[in-house]
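Here are some notes on the pockets for a reader new to this structure. Please keep the view open while going through the points.

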Amino acid sequence: MIPYGRQTIEDDDIAAVAQALRGDLLTTGPTVETFERAFAETVGAKYAVACANGTAALHLAMLALEVGPGDAVIAPSITFLATANCARYVGAEVVFADVDAETGLMTPQTLAEALRRLEGRRLRAVLPVHLRGDACDLPGLEALAREAGAVLVEDAPHALGTTMRFGNQAETVGDVRHSAMATFSFHPVKTIATGEGGMITTNDADLARRLRTMRSHGMVRPDGCEPWWYEMPEPGFNYRLPDVLCALGLSQLKKLPRFAARRRELARFYADALAPLEPLVRQAAQPSWSEPVLHLMTVLIDFEAAGRSRAEVVEALKARGVGSQVHYIPVHRQPYYRARYGELELPGADAWYARCLTLPLYPGMADEDVATVVSALREALGL
């Protein structure tokens, strides 16, 4: 079976974890800070704060900004549940933005439309999602958010390693030039893996300090206090990332250039192999400014023209040893949000969902696996 995604764990990763296990501290030890410093340097941010997972990263970002009841957060509907849920965790309301039907990304145009649906609520944050690994139009989104009195918080688990060029300026996802914070995930199918794990980057020292406080129960130790003393000005959470998982993350981070190069190489192989299937099958469009390290190889399929349902194609691929996935069901269609906000028509999100299918992509794939996947897809579509 060729799964749609898979971690790449090698002997030196195992050795790094074993070394951490032999140390004195398995939870919050020196490797946490080492991992944070290395990650910040990798993406070009001043600060990085490790946490338990990508969902915790989003929750901590909301807590750091002090988002709460009466506030609103804008999130795209094409994303994982956590992007919207993080606002609800703190009592804020979610306004769903539509996406471009060809890229799946929030755009300045879809954000502007969402802004018109705020209904008088105070907007605190806009959460662009770098879907698949392609970067959103951050300068365009930042300008609109700033005008509305809000900041960007980039939801970037798909985009570690992605670079972008706005004008003549080269940038890296996570350097937070246009946002208050960027969040990452180290789930096994992501670009680097810690099993479970997350990271938040920021260039704001106060936000970094608040993130660290809120990930550890809200505890602070006042200057000059006794060694055992701590205080809790407000409740936080146990969102720490253990030393042993940071050891794995640090080892994986050293391989990011190799992982990124391999993902880009496989993407080129896919582009060549999929070209003969157009227009029935097309790769998701890539914005002109984005130089992605793709986390997901998502194609858009005209299932109606093919005379096959998506479920039939998924099952046919599975029968041929190829895994696939759907990214994502529009979050505004989820029962919880339909009950809370009523029916909402977002045509770009619905059009994306109707056609999207994610094919295998991970560094451990062999060159010939791409041809195997595309051949299986061709057969599944009856071509």
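1. Start with the largest pocket. Its lining has 24 residues, and Phe80, His158, Ser185, Lys190 and Tyr328 lie nearest the centre. A pocket here is an open set of points on a 1 Å grid over the protein atoms alone, where a 1.4 Å probe fits, with protein on both sides within 12 Å along at least five of seven lines; lining residues have an atom within 4 Å of a point.

2. This is a predicted model: local features need pLDDT of at least 70, side-chain atom pairs count only at pLDDT 80 or more, and totals for chains, interfaces and linings use all residues. Residues are numbered from 1 along each chain as its sequence is written, and side-chain values use heavy atoms, with hydrogens and water left out.

3. The volume of the largest pocket is about 460 Å³. A volume is the space filled by probe spheres set on the points, which are joined across faces, edges and corners.

4. Both α3 (54-64) and α4 (81-89) supply at least two lining residues of the largest pocket. α3 gives the most, with 3 residues. Helices (H or I, at least four residues) and strands (E, at least two) are DSSP runs, numbered from the N terminus.

5. By class, the lining of the largest pocket holds 10 nonpolar, 11 polar and 3 charged residues. Ala, Val, Leu, Ile, Met, Phe, Trp, Tyr, Cys and Pro count as nonpolar, Asp, Glu, Lys and Arg as charged, and the others, Gly among them, as polar.

6. The second largest pocket has a volume of about 220 Å³. Of its 15 lining residues, Ala267, Gln283, Gln286, Pro292 and Leu294 lie nearest the centre. The largest share of this lining, 5 residues, comes from α9.
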